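Here's a quick briefing to read alongside the model.

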Amino acid sequence: MSSKIPITVAHGDGIGPEIMNATLQILEAAGAALDIETIEIGEKVYLRGNSAGIEPSAWDSLLRTKVFLKAPITTPQGGGFKSLNVTTRKTLGQYANVRPCVSYDPFIDTKHPNMDVVIVRENEEDLYAGIEYQLTPEVTSCIKLISRPGSEKIVRYAFEYARLHNRKKVTCFMKDNIMKMTDGLFHKVFDEIAKQYPDIQNEAWIVDIGAAKMADTPEAFDVIVMPNLYGDILSDVAAQIAGSVGLAGSANIGEKCAMFEAIHGSAPRRAGQNLANPSGLLLGSVLMLVHINLPETAERVHNAWLRTIEDGVHTYDIFTEGVSTQKVGTKEFAAAVVARLGQKPNILKPVKYAKRPEGAAAAPAAHQMTADHTKMELIGIDVFVYWPSRNPNALAEAVGKFAGNGLSLQMIDNRGVKVWPAGRAETFCTDSFRCRFVAEGATDMAACLGVLQQVAAAGIEIASTQALRTFDGAPGFTLAQGQ
Ligand code: NAD
């Protein structure tokens, strides 16, 4: 029986096939025991009429091997084509995006010679759940979803990653001074899980000042874990300020399948000319080797690559007169890495990867939560209405009388700012208002629906509603500004 580890490989579009061939050649020469299944994805599949860019049969391979090494693809111009990355990420539950951002001073130009930061970005939730609405002619909304299991998986992954890679600190970026429920939950889960890793330092930063600090002094950080939107933005910032966007690899980790790639695209103008730099994909494949628990091979490949960079053997995109010694093409670069297998860099820091302990999961699962024991009580309902006259007092007059069954109109706000009672004339109002009806104690849905029926019967357009509950006695909603 073969002891080779099965993986799925897609050669992609543009420069994809060239950089994939170079990467696979290096992996083979390094003795990576891989059993490769090839699938077709990208432009040709899109243009055959498959809007997802991947054939149904390719999923079988991905679910069988659970490991996907993917070259960049070209997304055809025009509407109707879905992002393959988003599709694979969501379909396969790839909850963690991991992007090491390292500077290679003095061989690659950077303002931050000692940068070595790993961004761990939550990949499935937050504003990227894609739940958006137009509420009224003037107002749109996007729902930000942060769950306890989702936060727990990503935070635990960050700490496990730190422990495996001998990292000293995990930092959480979020904004719970403003988003008290959603980012508040992320921060709370971070604090809970951090306690289970006493060997690793932890700290939390509000994302705005944290991002400023990261852009200015990235050496102050080690592993940074964050919700989806902040992670999307800041992982690009981190890669860019390391000075090496073209060199970064990235991993999308899930329990069912993990995907490894370069962060750059398919660079169609460079295709077929033996020009492209295979480093991003190669470093993506190093993350893959660590994930499938082949740390020695990962180390061999990574150190040989560092030595190649240090020896000044550079492709056109990182070639600098006076620093580089040789300008090479894709194939020659791969040959240079192969020739250095077994060597380590002298000036750059060599890498060291540890074997994951027997039985330790590559992608931690969420613990079973105790949500069943939470006492939930309905205490009212928020009703978002279209009110084009924009006069909050008139709205209060119109809907206030519909309160009944123990519910009464407590307040009205506009985009989160209280405008009734005792609103201020200076507050700018759009055509969308939120009316909050609450009970003295617990109520039931029938009472809430009774209010809704009366509002609708009066000809007031309801844009959306939100139940107001307490969870174990604590309110599951925030107050309006000024309430
Ligand atoms: P790109 O990353 O392909 O290219 C940006 C610039 O960087 C170009 O000048 C290119 O020549 C250069 N470059 C990129 N990778 C290089 C490499 N390995 N070696 C040398 N030079 C390199 O971004 P783009 O031009 O905006 O996008 C091109 C296509 O790639 C689009 O169809 C886009 O949708 C797709 N794309 C795919 C992925 C992916 O599959 N993960 C990611 C980003 C973009």
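Ala29 has a relative accessibility of 38%, so it counts as partly exposed (buried is under 20% relative accessible area, exposed is over 50%, and partly exposed is in between, with a 1.4 Å probe and protein chains only). Bear in mind that this is a predicted model: local features need pLDDT of at least 70, side-chain atom pairs count only at pLDDT 80 or more, and totals for chains, interfaces and linings use all residues. Residues are numbered from 1 along each chain as its sequence is written, and side-chain values use heavy atoms, with hydrogens and water left out.

- Ala29 sits in helix α1 (residues 16–29); helices here are DSSP runs of H or I with at least four residues, strands are runs of E with at least two, and both are numbered from the N terminus.
- Leaving out neighbours within four places in sequence, Ala29 is in contact with Arg300, Val338 and Leu341 (contact means heavy atoms within 4.5 Å).
- Ala29 and Ala339 are 310 residues apart in sequence, yet their C-alpha atoms are 9.3 Å apart in space.

**Glu261**

- Glu261 belongs to strand β12 (residues 258–262), and its relative accessibility is 8%, so it counts as buried.
- The Glu261 side chain makes a polar contact with the side chain of Lys70 at 2.9 Å (a pair of N or O atoms within 3.5 Å; within protein, one must be able to donate a hydrogen and the other to accept it, and residues adjacent in sequence count only if both atoms are side-chain atoms).
- Not counting residues up to four places away in sequence, Glu261 also touches others, including Asn85, Ser250 and Leu281.

**Chain and domains**

- The chain has 13 helices and 20 strands, and buried residues make up 51% of its 483 residues.
- Its C-alpha trace spans about 80 × 55 × 50 Å along the principal axes.
- Of the contacts with a separation of 6 or more, 77% are between residues 24 or more positions apart.
- The domain assignment gives domain 1 (1–95 + 250–348), domain 2 (111–242) and domain 3 (376–475); such bounds come from an automatic or database assignment.
- The C-alpha centres of domain 1 and domain 3 lie 53 Å apart.
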